[in-house]
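Hi there,

I'm handing over the structure we talked about, so that you can look at it alongside my notes. Have a browse first, and then read on for what I found.

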Amino acid sequence: MAQANPFQDPLRFERRVPSCAVVIFGANGDLTKRKLLPSLYRLAFERRLPQGFAVVGISRTAMSDDDFRQKMEASVKEFLENSPFDQALWDDFCRGLFYLAGDVADEGMYGRLAARLEEIAKSRQTAGNALFYLSTQPDHYGPAAGGLGRAGLAKSSNGAWRRLVVEKPFGHDETSARELETQLHEHFSEDQLYRIDHYLGKETVQNILAFRFGNPLFEPLWNRRYINHVQITAAESIGVEGRGAYYQGAGALRDMIQNHLLQVLSTVAMEPSAVFEPTAVRDERAKLLRSIRVYRPNEVPDYAVAGQYGPARVGGKDLPGFREEPGVDAQAMTDTYAAVTFQIENWRWAGVPFYVRTGKRMPKRVTDIAIRFNPVPHSLFVTEGDGGAAIDTARPNMLILRIQPEEGISLRFSSKQPGAGMKLRPVSMDFNYGTSFGGRTPTAYETLLVDAMVGDATLYTRQDMVEASWTAVQPILDGWNDHKAGQFPNYPAGTWGPKASDDMLARNGHEWRVP
């Protein structure tokens, strides 16, 4: 029998956080201001944080502790989601906020950090536990991990733990991902590393596991005998929003599919784990990712489509194309849209295509998973259409898991229309988190920060999963580099992507669902 994890609790979000200090590299950046500090404040508001808790912010900007506290107060007030701001609570919470000015390339900074953590351990009773959070540029991950290690800050001692949270991207390609692994593992063991993917912290993504493995109604249907195909869509209505220079070097395939959406796919398609504990669950995700077919260079055009948005007039407003965005080269070949047909080579999913797409400047912001079931083998409900053609009015069932903007689940099935005759029409059964549970849903970063502090890596990405994702995606990137993806731009802003993406599905007799 598997050893029980002492941190597992049926009420997962109600686990007690141990005394610790959270050290945030890049404390003056957007992620800290928009997500990390508001999430930590909300945990304090819900009495989830212990008395022995502290935050140490690190960035190059010169600031005092009080300056940092005032700056974070303004950020929390601005970005706190669906929560009241309690001034008395903030006044207590901010006493645990500290700041250290320094550069990750400065070896002396890590010595100053070690001394500061010792002081804080005494004044705030953190028991020497420390969670280091790298909210920096990716090229700083290796130097920061090395600086922490050489200063002795990566070692657990006297019962205290040390953990390192790394934001994506985990490498720019397959080679750089392995180089980053070597740098991180030089000082931190794998069980100390927490590679964060905020999609896995979203309630609907977590609920996929409960939906599949907690309901005997659905799991028997979760295979090639009953499911025709799966569509995963992550669409954004905005453009690059001032991040053109960064995005030009990344693109949609790297930025979304290689990490977020392949992790979602693995959650949808994985086998059940023997127990619900980090190693077992991540083993199954990793096994699924290794089952994805790796395309040969000559197959890439048939299974992957790149797109780039061009200028258009939408809603009475002129929208620039990607090449007209600030900081973007006028001849950029960056993909702002990517669609891939993934095939999973195992007994459960053989022959079932998984269509994954993501894009900028699309008609709406939506992320969802649409699971289309096979049609009935013989339909009884056929009516006569124009010209005497037979029309089957029973449409295939579809299950839609909505990740954003509103989290929930819809099941579409056919029902008889009222009146004479037997004509069917699709209807939906809908589940919405807010309506069903009433209370506030924790944000992804709240969930993931708690997990990192209690030492539960279930929702974090392991190195073998990173490598398996890059193995599946790298041939597509290479194929697009070797044979330019096409004449860009190839879809107007405000549309659902290039025609080649529709053609990719049409070859299998399928079409993209309009969310």
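One convention before the details: an angle between axes counts as roughly parallel under 35 degrees, roughly antiparallel over 145, roughly perpendicular from 65 to 115, and oblique for the rest. Please also keep in mind that this is a predicted model.

Let's start with a helix pair. H4 (residues 107–124) packs with H5 (residues 141–150) at an angle of about 55°, and their axes are 9 Å apart. By the convention above, H4 and H5 are therefore oblique to each other. Their crossing is right-handed. On the H4 side, the contact is made by Glu107, Tyr110 and Leu113, which meet Pro143, Ala144, Gly147, Leu148 and Arg150 of H5. Sorted by class, the residues of this H4–H5 contact are five nonpolar, one polar and two charged.

Next, the sheet. It is open, with eight strands in the order S8-S12-S13-S7-S14-S17-S18-S19, and its pairing is mixed. The edges are held by S8 (304–307) and S19 (424–432); each has a single partner strand, so one side of each is left without a neighbour in the sheet. On average, and ignoring direction, neighbouring strands of this sheet are turned by 15° against each other.

Helix H9 (residues 252–269) lies across S7 (227–235), S12 (337–343), S13 (353–359), S14 and S17, and runs at about 145° to S13. Helix H14 (residues 463–482) lies across S8 and S12, running at about 55° to S8.

H9 and H14 also pack with each other, at an angle of about 145° and with their axes 10 Å apart. H9 passes H14 in a right-handed crossing. From H9, the residues in this contact are Leu253, Arg254, Gln258, Leu262 and Gln263; they meet Met465, Val466, Ser469, Trp470, Val473, Ile476, Leu477 and Trp480 in H14. The H9–H14 contact has nine nonpolar residues, three polar and one charged.

Happy browsing, and do write back with any thoughts.

Best wishes

Methods. Residues numbered from 1 in each chain as written. Predicted model: local features only at pLDDT ≥ 70, side-chain atom pairs only at ≥ 80, totals over all residues. Heavy atoms only, no water. Axes fitted to C-alpha atoms, helices over the stretch in contact; angles between N-to-C directions. Helix = DSSP H or I, 4+ residues; strand = E, 2+ residues; numbered from the N terminus. Left-handed = near helix turned anticlockwise from the far one by under 90°. Contact = heavy atoms within 4.5 Å. Nonpolar A, V, L, I, M, F, W, Y, C, P; charged D, E, K, R; others polar. Pairing = 2+ DSSP bridges.
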